[in-house]
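Trainee: Please walk me through this one, one piece at a time.

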Amino acid sequence: MASINFFQSRIMIFKFLIFVFICNCLSKLINGISDSHLSLDYYKKTCPSVEGIVRKEMECACLSDPRNAALILRLHFHDCFVQGCDGSVLLDDTVTLKGEKNAPNNKNALKGFRIIDKIKNSIESECPGIVSCADILTIAARDAVLLVGGPYWDVPLGRKDSRNAAYELTDTNLPTADEGLISIISKFISQGLSVTDMVALSGAHTIGKARCVNFRKRIYGDFKMTSTSMISPISSSYLSELKSLCPPIDQINGSSDNNETSMDNITPDLFDNSYYHVLLKGEGLINSDQELYSSFLGIQTKKIVEKYAANTIAFFEQFAQSMVKMGNITNPETYVNGEIRKSCRFVNS
């Protein structure tokens, strides 16, 4: 029986490797189709001060609270994975439009909208009707990373704002905290992003926080099994703190679901590679993170995690490249019927 199970597991691993190979080929094919609408000097003549304005506002936001960097970065990710980077995540619900903010995967998870509002207002004062909210969010995400110690990259610009949102796609497109590795990879591949992109972009969690509802199953499940240092008083104390913050659901009726804690408990306000060191210890806060290293199917992802844990420069370089790729996921419809919103919360009347 043991030999049969071993044989079956080897077949599963072989099939998974073929799946990853095909997915990587598909991502290269999809990514090879570049968006000719975007360029580095798009606003050179119409609003040359746009990046300076965004940087100034983001400096103020991050100075007042370093946590704001993670909020903007998450907004950008949730925007791009749902019908492309088109600012749809910023839209409020109206009588005629159902936005994405209150979708299950976004509700209580997304913040930072007022920061984008403030940036938009400043830009409208300087360059009215010129810069899209989608571009503002993309630049702000870059600056957010840079201002808390992360890498810099040039941001191609020229996106248009969508006139609609996609509530339903938030459920199918966005990775969730309890997903397995194959499902997560599939969602990234569908966006034209590779397995390497997935592991690198997951590193954004080095400045992120997670809600209790998203890590409860993990800390009461296999946390002890994946941790390589539970005999350490520090690790045992860490798990105890997590359980104190996030009691079992049957004890508190969900009242602590929105309690938050950092996904990188080492340097939570600094963009660095310590997130990968957390995974090496088997103490990733959410299941989808730890799957990158601990899943028996994670042959490729495990090696990438180890590489980034050992080499900060390699992580920064790939993160910058992957952020550009993600930012280049545009919504083709916006170039037909898109707009430059006056307010990022509402389509123009």
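Trainee: Which residues of α3 and α5 meet?
Mentor: From α3 come Ala-69, Ile-72, Leu-73, Leu-75, His-76 and Asp-79. From α5 come Leu-137, Thr-138, Ala-140, Ala-141, Ala-144 and Val-145. Contact means heavy atoms within 4.5 Å. Helices are DSSP runs (H or I, at least four residues; strands are E, at least two), numbered from the N terminus.

Trainee: And by class, how does that contact divide?
Mentor: The contact of α3 with α5 has 9 nonpolar, 2 polar and 1 charged residues. Nonpolar is Ala, Val, Leu, Ile, Met, Phe, Trp, Tyr, Cys and Pro; charged is Asp, Glu, Lys and Arg; the others, Gly among them, are polar.

Trainee: What should I know about the model itself?
Mentor: It is predicted: local features need pLDDT of at least 70 and side-chain atom pairs pLDDT 80 or more, while totals for chains, interfaces and linings use all residues. Numbering starts from 1 along each chain as its sequence is written, and side-chain values use heavy atoms, with hydrogens and water left out.

Trainee: Back to α3 and α5. At what angle do their axes cross?
Mentor: Roughly 140°, and the axes of α3 and α5 come within 8 Å. Axes are lines fitted to C-alpha atoms over the stretch in contact, and angles run from 0 to 180 degrees between N-to-C directions. So α3 and α5 are oblique to each other. Under 35 degrees is roughly parallel, over 145 roughly antiparallel, 65 to 115 roughly perpendicular, the rest oblique.

Trainee: How about α15 and α16, at what angle do they cross?
Mentor: Helix α15 covers residues 299-310; its axis and that of α16 come within 5 Å and cross at roughly 115°. That makes α15 roughly perpendicular to α16.

Trainee: Which residues meet there?
Mentor: Lys-307, Tyr-308 and Ala-310 of α15 touch Thr-312, Ala-314, Phe-315 and Gln-318 of α16. The contact of α15 with α16 has 4 nonpolar, 2 polar and 1 charged residues by class.

Trainee: How far apart are the axes of α2 and α4?
Mentor: They are 10 Å apart, and the helices pack at about 145°. Helix α2 is residues 50-64 and helix α4 is residues 113-126. In α2, the contact residues include Val-50, Ile-53 and Glu-57. In α4, Ile-115, Lys-118 and Ser-122 are among them. The contact of α2 with α4 has 8 nonpolar, 1 polar and 3 charged residues.

Trainee: New topic. How much space lies in the largest pocket?
Mentor: About 820 Å³. A pocket is an open set of 1 Å grid points with protein on both sides within 12 Å along at least five of seven lines; in a cavity a 1.4 Å probe fits but cannot get out; lining residues have an atom within 4 Å of a point. Volume is the space filled by probe spheres set on points joined across faces, edges and corners.

Trainee: What lines the pocket?
Mentor: 37 residues, with Arg-74, His-78, Pro-175, His-205 and Ile-286 closest to its centre. Helix α3 gives the most, with 7 residues. The pocket lining has 23 nonpolar, 8 polar and 6 charged residues.

Trainee: How many cavities are there?
Mentor: There are 2 of 30 Å³ or more.

Trainee: Which residues line the second largest cavity?
Mentor: Among them are Pro-66, Arg-67, Ile-207 and Asp-269. This second largest cavity has about 50 Å³ of space.
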